[in-house]
Amino acid sequence: PSTPDIDVTSPNTFFGDPNAVAVHYAVTQFYDYLLNVHDRNSIDGNGYKLKAWVHYWQNWNNAGWVSGHAIFGDGDNSTYTAFTSLDIVAHEFAHGLTMRTAKLKYWGESGALNEGFSDIFGTLVEFYAEPACADWLIGEDIVIQNGKIASRSMSNPKDANVLNPGPNTYKGENWHFGGGDQGGVHTNSGVLNYWFYLIVNGGNGTNDNDFPYSVAPLDNNANVSRNKAAAIAFRSLTEYLSIFSQYADARAATINAAEDLYGENSNEVNIVRDAWCAVGVGSCLQNDNGLTISTPNGGETWQGGSNKVVTWGSTGNIAQIDVVLSINGGASWQSVVTATNNDGAYGFVVPNMATTQALIRVSDSNDATVYDVSDAVFTIEACNVISGFESSANETCVPQSLDFTNTSVNATAYEW
């Protein structure tokens, strides 16, 4: 049959088909994500009924979107288990969203964009529904082949530990130039995936064109940054892209979407441009401004409550600096100082928070795309000795003796 024709039913609230239950759960999360995050009622904006066909073919290592519904194989239990994980199910229904908006042709670059947007929204649904378990891998819950961790990686498309490594640079290493896989749709999607990862998380390096890049996240708060990136991706897909769009068109679409949402010449627009530059799409504006942290740069141990100095070097014309601190390896940031003069150093009192995952980030106050982060985490040790003294009187108006009692915890030696 061309459409699912057997409903999964139960005479009570228990359903004995785990694959059907898993897909049904994921479909509800996908629908809720579109409605609650993007104010869209299903894939067509008008309550389209989302249908899924489970146990499609025998031992089928795939899932897909065909004829207005999604199909999910059970896997061969060697390379894959059943294709019913949250990100995979959301990925397939995101193809339905694409087919009712941009209608990206499933071939070549437009097909790679089609696949990339499905990876993006599959991952966003994972962060929406199960943030504690979410990551930047695709299919990590269904890949069981020895030595492999997932089907694809958005944070590192070239990762040899995934089943399908792809490029992180347009027409760079791992780019698929042949006709197989519909012109490389599952491979060349890596460029869009990495672009999206960069605008959410930031990153720096040198791409396959030997171009050094440094991309700031859309916001220092990881959740806010991800939501901004989601809004840009959704608007570009639903308002600007069309059936034959190529990577150059995706660059223009996302810049237009960012301008619509955050204003022309906003930091968000600049970050979108910088990320496209990082993946080798479009022209790159040269900026001589640069920052390099000297201390702390990884491995140090700072004491909470102590006075410490952040130091950095700079190039170009940077007038003022923002300094932020993370105690969770960069997942979130808290301000140390905003718009301090670029003197190469800033002293502050270290907060009394115990962590082995501290990072410092310095950035240009006028251009968040110019920044540097500690090369590695450092340690902050929190104070656990509380010292204090209590006097026998709160005030005195005549000469008299006052007695002080040691009320310290763990403090046994002290001096006046």
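Guide: First, a definition for the burial words: under 20% relative accessible area a residue is buried, over 50% it is exposed, and in between it is partly exposed, with a 1.4 Å probe and protein chains only.

Visitor: Fine. What sort of model is this, and what pLDDT do local features need?

Guide: The model is predicted: local features need pLDDT of at least 70 and side-chain atom pairs 80 or more, while totals for chains, interfaces and linings use all residues. Numbering runs from 1 along each chain as its sequence is written, and side-chain values use heavy atoms, with hydrogens and water left out.

Visitor: How many salt bridges does a search of the whole structure find?

Guide: Eight salt bridges. The criterion is a side-chain nitrogen of Lys or Arg within 4 Å of a carboxyl oxygen of Asp or Glu.

Visitor: Which residue forms one with Glu-259?

Guide: Arg-273, with the closest N and O atoms 3.8 Å apart. Glu-259 sits in helix 7 (residues 247–262) and Arg-273 in helix 8, so the pair ties together parts 14 residues apart in sequence. Helices here are DSSP runs of H or I with at least four residues, strands are runs of E with at least two, and both are numbered from the N terminus.

Visitor: Is Glu-259 buried, exposed or partly exposed?

Guide: Partly exposed, because its relative accessibility is 22%. Arg-273 is also partly exposed, at 26%.

Visitor: Which residues do salt bridges with shared partners join into one network?

Guide: Glu-115, Asp-119 and Arg-152. Within that group, the Glu-115 and Arg-152 side chains meet at 3.9 Å, N to O. Glu-115 is in helix 3 (residues 108–129) and Arg-152 in strand 5, and the pair links distant parts of the chain, 37 residues apart. Both Glu-115 and Arg-152 are buried.

Visitor: And Glu-268, which residue does that form a salt bridge with?

Guide: Lys-228, with 2.6 Å between the closest N and O atoms. Helix 8 (residues 267–278) holds Glu-268 and helix 6 (residues 222–240) holds Lys-228, so parts 40 residues apart in sequence are tied together. Glu-268 counts as buried at 12% relative accessibility, and Lys-228 is buried at 15%.

Visitor: New topic. How many cavities of 30 Å³ or more does the structure hold?

Guide: One. A cavity is a set of points, on a 1 Å grid over the protein atoms alone, where a 1.4 Å probe fits but cannot get out; lining residues have an atom within 4 Å of a point. The largest cavity contains about 50 Å³ of space, a volume being the space filled by probe spheres set on the points, which are joined across faces, edges and corners.

Visitor: Which residues line the largest cavity?

Guide: Among them are Arg-152, Pro-157, Asn-164, His-186, Ser-189 and Asn-193. Strand 5 (152–153), helix 4 (180–188) and helix 5 (190–201) each contribute at least two lining residues. By class, the lining has two nonpolar, eight polar and one charged residues. Nonpolar means Ala, Val, Leu, Ile, Met, Phe, Trp, Tyr, Cys and Pro, charged means Asp, Glu, Lys and Arg, and the others, Gly among them, are polar.

Visitor: Backbone next. Which residues does a cis peptide bond join?

Guide: Thr-295 and Pro-296, with omega at about -5 degrees. Pro-296 is in the loop between strand 8 (290–295) and strand 9 (301–303). For context, most residues other than glycine have a negative phi, and most peptide bonds are trans.

Visitor: What is the phi of Trp-57?

Guide: Positive, about 60 degrees, although Trp-57 is not a glycine. Trp-57 lies in the loop between strand 1 (52–54) and strand 2 (63–66), and is exposed, with a relative accessible area of 58%.

Visitor: And the phi of Asp-210?

Guide: Asp-210 is not a glycine either, and has a positive phi of about 60 degrees. Asp-210 is found in the loop between strand 6 (203–206) and strand 7 (212–215). At 65% relative accessibility, Asp-210 counts as exposed.

Key. 1 Å grid on protein atoms, 1.4 Å probe; cavity = no way out; pocket = protein on both sides within 12 Å on 5 of 7 lines; lining within 4 Å.
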